[in-house]
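Please read it beside the sequence and the structure shown here.

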Amino acid sequence: MIRICNPEPCPPSWEVTAWTSCSASCGVGIQTRSVFCMRSLSIEQQDILSVPEEECREFKPAILQPCNQVDCPPAWETEPWQLCSQTCGGGVQLRKVYCKQLLSTGAYRRLGDGTCSGPKPAVSRSCSNSDCLPSWAGGEWGKCSVTCGLGIQRREQLCRQLTSDGQQMTLDKGVCSGLPSPPLVRTCRMIACPKHNKDIRPKGTHRIYVNNEKQTPNHRNDGVKRCPVLLGKHHIYIQTQKKKRFHLTIGGHAYLLPNTSLIIKCPVRRFPKMFIRWIKDGRPVASSKHLTITKSGSLKIPFVSADDVGVYRCVAGPAYEIFTLQLIGSENQSTGRRLPSTPRSTWEERKPTCYTHNIHLDGVSVSLLPPSGHNVSLQPRLREKLINITLQADRGEIEQEQASELIASLLISMSDGQIWTRTTEERTQARDSLHNWSELVSALGGAAVHRPRIIRQQQKRTMSVQESVDVNIGDSALLTNTTQSLTIRCPAEGFPPPVISWSKDGAPLHITDRFSWDGSRGLQILLPTASDRGQYKCTAVNVHGSDSETSQILLAEPPTVKLSWSDSSDPGLDFGRGLKAVVGEQVRVLQGTNLTLDCTVTGVPQPSVTWHRKTRPLDSGVVSLPSGSLRIKNVSPQNQGVYSCTATNAAGKSTVSTDLQVYTPQSAAGSRETPVLQPDLNRRRVLMASRRGTSVSIKPGDILRIGCPVVPDHKQSVYWDYNNQTLKEVSRPTHIQGPGLGPQYKMLVGGRVLEVYTLRVNFSGRYQCQTFINSTRETLLAWIYEHSNEFGWRFGDWTTCSASCGNRGTWLRRLDCVTPDGKIVPTTKCQHIQKPVTSAVPCNRQDCPPRWLVSDWSKCSTSCGSGWKQRQVSCQQLDARGAEKNLTAASCERMSRPADTEQCSANNCPSWVISPWGKCSGRCLGPTTTVQRRSVTCQHTNGSLYTDCDIRHRPVSLRNCSSDLCDVEWRSGSWRACTVVCGSGFQSRRVDCIHRGSGRTLADQHCAWLHRPSTWQHCNTISCGNECKDTTQYCGVVKRLKLCHLDTYKHRCCESCTRDAVAT
């Protein structure tokens, strides 16, 4: 017998899944699992229901745990790349690389580089590999202007560009025009200047005292020591005529012509003239053959040259005065020399001075040299400009050398009318009496080139085909497929140095990877292509004007001779008349005709034309015309032959020939002329007709001979027809009768051969012969079809280059099928003619621009579900040799970089498979609620079972459902009689599970979800008084089990327990 026990549902408990694989193979890995709070509803059906975690009273199992807690092997660890050291011009990126070991504790240990295996990752890489924009930069700082105290330093302004390989290039200054300039002047501080309290005086002089007292510095008195007085003149001297010698006075500025003798006087008061010293550009002047100091203290220069240009100082004790000298003409500029500043470099010059050059009260005047004989004077505005410039230099606002350059520039650049003005009484004189400053300077051997002038070559170069083309501006250049570089030199002169710019076909050029220029090398074009042909203009500009010159860049084309395949002949011309034919034709003319053979050629450069005759020189009556044609006067049989026209230029040559035949007049009837044929012209091959038929092509003008296939001793007559028209048997040339003028023919060798003349008529068609065979009297029919070869192949334009860069680009020459007059027809017209051989010509052999190159995608990172696939992306460049070069990613930054990763998915993952829901017949959970079940399995698409489906996405296998089977209740019966009348007994009752609808009694498990009423209870708990007697029938058992010491059993079995106690 079996009965149900413990029918109540079990309490909820924790259910766990299997641990996942470890997240790391070393160091500290993690494993995870899923934990659910589940309740078992049926032992038989093993129904499990997920409930809230709060219902599980036990501690929740861990959902993660550490794994693979072992030290990892040492490995390289890299930090991110730092910023590039430069934005252009080739910089460097750095990063830190360590050798580290991940320990089992999760900490990192830093080790030496020798501990890690494998090569160490790079710690630096190049970046910003692109040329920087041009900019102004300063050169090296010059020396300080003083040796003590506070001075200034200067440096030259340079236009520079930092290239991608880190090289500094100095460019033409015009490239940086308009850009901000760095500071070119700065202060410099030298050691402190010494202080001198002791009077310094030349030897032989005496100290001067006033009132027999020595004056102290704190009691200044003008009478104590008076400065020497230099009697200088503040003049600007300008030489306008050549003269041997000038005497000028200190304090002025002179602009003299070369080779002039000059004496600079230095008048002084209160100072011995024998102690006067001279200093030039800060250096003492000693007497020599070229510079002499006279006894009176004057400075003598016998012949003024460029070396004498500078600032002169006459020193008289503490006083001094200056004199600046500048030359007029190119000799002053030829040395490239600037007037230096005048630093006080000696101790003698650092003491207090009496310099009063800029304190003249009478102002500045302008003097023309020589002073007499001039009918003109300077324009007042120009005079004012010259004076202002001089005063600025005296006040220190500008340097003396700058003042000299400004004045010289004004005089050279201005026209005569802007420089000179006539006096009132001389205004009626001729204009040619004015002083032409530029002519004056040129006449003295060295005109100053201030206005820009491009230096042009006197002789033009012959154009040639070379890999590296180098021409001067004004010349033309040729480009071919093999040209690697082209240079157009444009030397220019002027002061200030002119800025060079270039334009192509009117559009300005800019410096690129292929186009560059500077003042010395000219314009350079690397790997020129057909698109670079055109007119290039070089322009030189400075503040005084501009000059320009052009060069033509041409694409070389080999010579092409325009020819004709038709024949020219007019036997009916009168004697002495003219005939013009085109080279390439077969020409037949009447004796005495004046013949002109035209040879029209094209090509770049224009080809030259020469004529020659095969096997023999040209006759005396044959003349080559300037147009390229050949003129033959009064043609005679001796002029017969093959004449060839050859066109030649730098790109190649081409030759076309013409066969000339001459006819002589004949008086015989039936023919107006007879051809004068050379022996080789009569030896024509015979084309045989056949019974099956033959098809051949004949060039118009050739003599056609058709043979009938019979034996040589054939005696029977042979009959010929042309296009089904019977031909008469004739032995003299006769025209075929028809609607139009047919070809001439005649029969040879007893009619076995038909000769047809093909000149200027349509001779195409079917020719057939018919005869009887001697032995059998069988009829023989044989025919041949003649095609007029009126078409031919001609070279046309070049095809487009097959590649824009690299080493695979080629050009091909197109072949056109044309008529004799050059008209293009379908190629089917020429299919029976062999094509000329054309060879590929390389083109666009240059480096390709950088581009992104990608590899094939890798496999998906996962075999099921969502993953990633990768590919390699690199920046590469195909060079002109066909080699692939790997570049940095910055080289391809103009193009968007292709993605190197992409999401992918695989559909062959195992998945949860569910069955349909079962019947709603499970355990009741409420008045109308029960459960139903379905199976949930992890299964592959092929049907095999798996265990690695994601438990978090597992569908539920149980759910609640509604059923009337759960409409049940507990129904209790009446209590039975108590087991005792007193002393606490027990009573029981029946409790059944009843279906409400049917009243049927069900098993208790159907009401398990309801609270079941109690089936027993205590009764008659009142005491039975003081009598000691047993109140239950089990007292014998209590006594036997020795339970009397317990109060409960002691009272209820009082009699039995007491009896036992008394007996003992």
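Is Arg 613 buried or exposed, and what is its relative accessible area? In this predicted model, Arg 613 has a relative accessible area of 6% and is therefore buried, the limit for that class being under 20%.

**Salt bridges**

- The count of salt bridges comes to 23, and one of them joins Arg 514 to Asp 532, whose closest N and O atoms are 2.4 Å apart.
- That pair links distant parts of the chain, 18 residues apart, since Arg 514 sits in the loop between β37 (507-508) and β38 (515-518) and Asp 532 in the loop between β39 (522-526) and β40 (534-542).
- The two partners fall into separate accessibility classes, with Arg 514 partly exposed at 25% relative accessibility and Asp 532 buried at 5%.
- A salt bridge also brings together the side chains of Glu 755 and Arg 705, at 2.5 Å from N to O; because Glu 755 belongs to strand β61 (residues 753-757) and Arg 705 to strand β56 (residues 703-707), the pair ties together parts that are 50 residues apart in sequence.
- Glu 755 counts as buried at 2% relative accessibility, and Arg 705 likewise counts as buried, at 14%.

**A buried loop residue**

- Ser 34 is located in the loop between β2 (29-32) and β3 (35-42), and with a relative accessible area of 16% this residue is buried.
- Leaving aside residues up to four places away in sequence, Ser 34 touches Glu 15, Val 16 and Thr 17, together with Ile 951 and Arg 952.

**Cavities**

- Searching the whole structure gives five cavities of 30 Å³ or more, and the largest cavity holds about 170 Å³ of space.
- The largest cavity is lined by 15 residues, of which Thr 480, Asn 481, Pro 528, Thr 529 and Asn 844 are the closest to its centre.
- Sorted by class, the lining of the largest cavity comprises seven nonpolar residues, seven polar residues and one charged residue.

Technical notes
Residues numbered from 1 in each chain as written. Predicted model: local features only at pLDDT ≥ 70, side-chain atom pairs only at ≥ 80, totals over all residues. Heavy atoms only, no water. 1 Å grid on protein atoms, 1.4 Å probe; cavity = no way out; pocket = protein on both sides within 12 Å on 5 of 7 lines; lining within 4 Å. Points joined across faces, edges and corners; volume = space filled by probe spheres on them. Nonpolar A, V, L, I, M, F, W, Y, C, P; charged D, E, K, R; others polar. Helix = DSSP H or I, 4+ residues; strand = E, 2+ residues; numbered from the N terminus. Buried < 20%, exposed > 50% of the residue type's maximum accessible area, 1.4 Å probe, protein only. Contact = heavy atoms within 4.5 Å. Salt bridge = Lys/Arg side-chain N within 4 Å of Asp/Glu carboxyl O.
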